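Good morning, everyone, and thank you for making time for this.

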Amino acid sequence: MEKVALISGASRGIGYETALKFAEQGYRIAVMARDEHELAKLRDVAESKWGVEVLIVAGDLADSAYWKTAVETTVARWGRVDVLVNNAAWRTIDTLKTMPLDDWERTVRICLTAPAFLAKYAAAVMERQQDTGVIINISSVMSQRAGGYSPAYIACKGGMESLTYELATCYGRDGIRVVGVSPGNVQTAMSGDYQDVKGNNISKQLEAEMNEMTPLGRAASPREIADLVAWLASDQASFITGTTILADGGFSHNFNSYASKKLQFPQAF
């Protein structure tokens, strides 16, 4: 029996690499995003390299009808859902001092409400299958390390982690595992759109600052996060649920920059 994975935000970044990772492992993959053209390119890669079936379910996660449709369309095609990856996100880069209510509500709808109800609909299918299922929620290190901007996004990522624990408790006796993944700095389009007040892109400078605070001294590739997601969905992680795995190169638990360490201990660092 071929397993089925449903991945949101699959047109780029972590979602794109996650979809390809599941395809490489022989899953049938249903991919969600607004950009149908980008999803078609993903489908072509997956089908040509691994010969797997790919279902494109394009839509906008701000539309509540899309959540149920995505699950129902997947089930209509293949009869089951074994893995759901809640990866899609949307955010603005501003502070709460200037953020409009409409942007706050759109962020919450896409980044928290949509994942919750995608999980609800997918879990109902998994329950009927009377088999194991896995839901993986992509959070962010920003849930614990606030930057003072993108407040709705940060609140949602904290909410995603709490949602993970709630869903794991709710569905655990049905054989459904729910796990969060909290990436640090990852080389994606979303991490490359930061601007200063003059409109200059300052993403490289910000990445350099994070790397200076990261023990491994670099950002992750999307593939590294996808590898973790695929492992968590596998039987090798069969006793992992109700927790969030931190994948940040050591950033969160490092106290100061390596430049500061070198001031005190130049021979050590």
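I will begin with the sheet, then turn to one helix and the loop after it, and end with the salt bridges and the cores.

Please keep in mind throughout that this is a predicted model.

Let us start with the sheet, where seven strands are arranged in the order E3-E2-E1-E4-E5-E6-E7, with parallel pairing, and the sheet is open. At its edges you will find strand E3, residues 54-58, and strand E7, residues 243-247, each of which pairs on one side only. From one strand to the next the twist averages 15 degrees.

Helix H1 lies across E1, E2, E4 and E6, and runs at about 175 degrees to E1, while H7 lies across E4, E5, E6 and E7, and runs at about 165 degrees to E6.

Now let us stay with H1, which covers residues 13-24 and so counts twelve residues. From its first C-alpha to its last it reaches 17 Å, which is close to the 16 Å expected at 1.5 Å a residue. Which residues of H1 are buried? They are Ile14, Gly15, Thr18, Ala19, Leu20, Lys21, Phe22 and Ala23. What covers these buried residues includes strands E1, E2, E4 and E6, together with helices H2 and H7.

Just after H1 the chain comes to glycine 26, which takes a positive phi of about 95 degrees. Tyrosine 27 is found in the loop between H1 and E2. Is tyrosine 27 buried or exposed? Its relative accessible area is 8%, and because buried means under 20%, tyrosine 27 counts as buried. If we leave aside its neighbours within four places in sequence, tyrosine 27 is in contact with Lys3, Val4, Ala5, Phe22, Val52, Val83 and Ala233. Glycine 159, by comparison, lies 132 residues from tyrosine 27 in sequence and 29 Å from it in space, C-alpha to C-alpha.

Next come the charged pairs, and a search of the whole structure finds 13 salt bridges. In one of them, arginine 28 pairs with glutamate 2, and their closest N and O atoms are 3.2 Å apart. Because arginine 28 lies in strand E2 and glutamate 2 in the segment before E1, this pair ties together parts that are 26 residues apart in sequence. The two partners are placed as follows: arginine 28 counts as buried, at 19% relative accessibility, whereas glutamate 2 counts as partly exposed, at 40%.

Another salt bridge is formed by glutamate 224 with arginine 218, where the closest N and O atoms are 2.9 Å apart. Here glutamate 224 is partly exposed, with a relative accessible area of 34%, and arginine 218 is partly exposed too, at 41% relative accessibility.

A further salt bridge brings together the side chains of arginine 223 and aspartate 227, at 3.3 Å from N to O. These two residues are four apart in helix H7, so they are separated by about one helical turn. Arginine 223 is partly exposed, with a relative accessible area of 25%, and aspartate 227 counts as partly exposed at 32%. Salt bridges that share partners join Glu17, Lys21, Glu24, Arg223 and Asp227 into one network.

Finally, let us look at the nonpolar cores. The largest has 37 residues, and the members that touch the most other members are Leu6, Met32, Leu61, Leu84, Leu118, Ile135 and Ile176. The elements that give two or more residues to this core are E1, E2, E3, H3, H4, H5 and E6, and H4 gives the most, with nine residues.

How values were computed
Residues are numbered from 1 along each chain as its sequence is written. This is a predicted model: local features need pLDDT of at least 70, side-chain atom pairs count only at pLDDT 80 or more; totals for chains, interfaces and linings use all residues. Side-chain values use heavy atoms; hydrogens and water are left out. The expected span of a helix is 1.5 Å times one less than its number of residues. Buried means under 20% relative accessible area, exposed over 50%, partly exposed in between (1.4 Å probe, protein chains only). Contact means heavy atoms within 4.5 Å. Two strands pair if DSSP finds at least two bridges between them. Axes are lines fitted to C-alpha atoms, for helices over the stretch in contact, and angles run from 0 to 180 degrees between N-to-C directions. A salt bridge is a side-chain nitrogen of Lys or Arg within 4 Å of a carboxyl oxygen of Asp or Glu. A nonpolar core is a set of buried Ala, Val, Leu, Ile, Met, Phe, Trp, Tyr and Cys residues joined through side-chain atoms within 4.5 Å.
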